[in-house]
Amino acid sequence: MFDPRIRQLAEVLVTYSTRVKKGDVVLINASGTDCLPLVKELYSLCLARGAKYVEYSLQIPEIDRHFYNTATKSQLSFFPQHKLDFMKQVNVFISISGSPNSMVMAQANQKNMIAWSKVTRPIVDWRVKNTRWVITRYPTHGAAQEAKMSLEEYEEYLFAACCIDWEAESRKQEKLKRLMDKADAVRIKASDTDLSFSIRGLDGIKCDGRFNIPDGEVFTAPVRDSVEGHITYNCPTIYQGKEFNGVRLEFAKGRIVKASAPGMDDELNRILDTDEGARFIGEFAIGVNPNIRVPMRNILFDEKIFGSIHFTPGQCYDECDNGNRSAVHWDMVKLLKGDGEIWFDNHLIQKDGLFVHKDLVSLNPARE
């Protein structure tokens, strides 16, 4: 039986997020066969809105894993020029992940994964800079298991987080953006966390359903060499197929000088040693999606948890360029509910995961 929420999600992606219009070239990229019902709805809607060409591609994670484990040096260094050539014709890029097993890359060759990400970076860079793009997830049994939910519970959670009034949320986020734009000094205080840094001269950016669905954050970036202190993240984070818990980072003059994670120190530091920029922060964000409240081991959701921040080693975004460059962009999440504080220029704006600044209280979920 067809779930009408799939059509509703497709309409958000096509009509709001990417604004598909007559004459567009659209690329729908799907990872995993479970998400084909959404691909079909997207394809149909794009054609109905007048796209002159709609391409759909299907990635199979198990095949990608075989490539990482068996590719030769020459195979890993081959640049797929045809993909870049086509991407230069694309106006709209919609990506869906619906793999039944989020751990499929857990034992894949990490060195080769890093090498391939560097080789193909120009394709990603062109797509980010030159297309109207959006990334989403499709509910699968594997994702539900990771979130410790039944599939039905997970579907309810996902669609509630995705199918909201994004225009209204955008208006609410505008107030936080304006406060970020004016701020200089930021301090984050919580359990085993005391960070200070500057965001002076770096704009706040609203994430209001245009690039990620679900969405719901306002981000900026620290002045690259300004970060001091330490942070211990309390959300699980999965990177290159491996799960890390309790990641603790210490900073001096913006650089991560010490990094640890129980039982995963070597793997953690190997990623942070990918390049020089991987040990500096490219993003600071505050999660504000009112319907995302608990970790799901899926960063597209977890970075939007209301009452959280993420503080991201690696590449910055062009919209808020602090000069940091890296093949890594690793969103790590800290929940602040219970004992956290966010300060802008010695003014408390959030305490225990709820906004207390008079201009921001409208962002708090209604049930709170």
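Strand β5 (residues 185-190) is joined to strand β18 (residues 341-344) by four bridges, and the two run antiparallel. Strands here are DSSP runs (E) of at least two residues, helices are runs (H or I) of at least four, and both are numbered from the N terminus. Two strands count as paired if DSSP finds at least two bridges between them. Val186 has Phe344 in β18 as its bridge partner. This is a predicted model, in which local features need pLDDT of at least 70 and side-chain atom pairs count only at pLDDT 80 or more, while totals for chains, interfaces and linings use all residues. Residues are numbered from 1 along each chain as its sequence is written, and side-chain values use heavy atoms, with hydrogens and water left out.

Strand β18 is also joined to strand β19 (residues 347-351), again by four bridges and antiparallel. Glu341 has Lys351 in β19 as its bridge partner. The hairpin of β18 and β19 has two residues between the strands, and Asp345 takes a positive phi near 50° there.

## The parallel sheet

Five strands form an open sheet with parallel pairing, in the order β2-β1-β3-β4-β8. Its edge strands, β2 (53-59) and β8 (212-213), each pair on one side only. Strand β1 (residues 25-31) and β2 run parallel and are joined by seven bridges. Val25 stands opposite Tyr53 in β2. In a regular strand the side chains alternate between the two faces of the sheet.

The peptide bond from Ile213 to Pro214 is cis, with omega near 5°. Pro214 is in the loop between β8 and β9 (217-220).

## Two buried residues

Arg127 lies in helix α7 (residues 121-130). Arg127 is buried yet has no salt bridge, and Asp125, the nearest side chain of opposite charge, is 8.4 Å away. Buried means under 20% relative accessible area, exposed means over 50%, and partly exposed is in between (1.4 Å probe, protein chains only). For charge, Lys and Arg count as positive and Asp and Glu as negative, while His and the chain ends are not counted. A salt bridge needs a side-chain nitrogen of Lys or Arg within 4 Å of a carboxyl oxygen of Asp or Glu. Apart from its neighbours within four places in sequence, Arg127 is in contact with Met87, Phe93, Trp133 and Ile135; contact means heavy atoms within 4.5 Å.

Gly241 is in the loop between β11 (237-239) and β12 (242-244). Its relative accessibility is 8%, so Gly241 counts as buried. Not counting residues up to four places away in sequence, Gly241 touches Met103, Met105 and Ala106.

## Two exposed lysines with positive phi

Lys148 is not a glycine, but its phi is positive, at about 60°. Lys148 is in the loop between α8 (141-146) and α9 (151-162). With a relative accessible area of 65%, Lys148 is exposed.

Lys253, in the loop between β13 (248-252) and β14 (255-260), has a positive phi near 55°. Its relative accessibility is 64%, so Lys253 counts as exposed.

## The whole protein

The protein has 12 helices and 20 strands. Its radius of gyration is 20 Å, close to the 21 Å that the globule rule gives for 368 residues, so the protein is as compact as a globular protein of that length. The radius is taken over C-alpha atoms, and the rule is 2.2 Å times the number of residues to the power 0.38. Of the 368 residues, 54% count as buried.
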